[in-house]
Amino acid sequence: MKPDAKVDVPQGTLDLMILAILTREPLHGYGISQRLALLSNESFRVNPGSLFPSLYRLEQDGKLKAEWRASDNNRQAKYYRLTPAGRRLLEDNRRRWKRTSFAVASVLEGA
């Protein structure tokens, strides 16, 4: 696949990728979207209309904690970080994703 080809984020994986990205450090929404694009070699570009509802839901569910602080360009931004519940959810989802991707790969290779 060409590096400039955009791929839709598979349904149900955006929360998993957000949680994984936030294991390193707290980030604001724009930083999360930039990190996702970077780590996916620009394949995944998520728009704010998808990203912010996921961040809001994860925060409301206690998986993320958010705080307002100055960003690199000295503007106020909402920074998100994982909570212990978010880390547990991430590990559960990682295990599930590994089983699912293995099963799909097995079917594709056996077909």
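**Elements and pockets**

Author: The protein chain holds four helices and three strands. Helices (H or I, at least four residues) and strands (E, at least two) are DSSP runs, numbered from the N terminus. This is a predicted model, where local features need pLDDT of at least 70, side-chain atom pairs count only at pLDDT 80 or more, and totals for chains, interfaces and linings use all residues. Residues are numbered from 1 along each chain as its sequence is written, and side-chain values use heavy atoms, with hydrogens and water left out.

Reader: What percentage of the 111 residues is buried?

Author: Buried means under 20% relative accessible area, exposed over 50%, and partly exposed in between (1.4 Å probe, protein chains only). By that cut-off, the buried part of the 111 residues is 33%.

Reader: What is the volume of the largest pocket?

Author: On a 1 Å grid over the protein atoms alone, a pocket is an open set of points where a 1.4 Å probe fits, with protein on both sides within 12 Å along at least five of seven lines. Grid points are joined across faces, edges and corners, and a volume is the space filled by probe spheres set on the points. For the largest pocket, that gives about 220 Å³.

Reader: Which helix gives the most to the lining of the largest pocket?

Author: Lining residues have an atom within 4 Å of a point. Among them here are Leu16, Met17, Leu36 and Trp97. Helix 1 (14–21) and helix 2 (29–39) each supply at least two residues. The top contributor, with four residues, is helix 1.

Reader: How many charged residues are in that lining of the largest pocket?

Author: Asp, Glu, Lys and Arg count as charged; Ala, Val, Leu, Ile, Met, Phe, Trp, Tyr, Cys and Pro as nonpolar; the others, Gly among them, as polar. The lining of the largest pocket has nine nonpolar and two polar residues. Its charged count is no residues.

Reader: And which element gives the most to the lining of the second largest pocket?

Author: The second largest pocket holds about 170 Å³ of space. Strand 1 (27–28) and helix 2 are the elements that give two or more residues to its lining. The most, four residues, come from helix 2.

Reader: How many residues in the lining of the second largest pocket are charged?

Author: The lining includes Glu25, Arg35 and Asp72. Four of its residues are nonpolar and three are polar. The charged ones number three.
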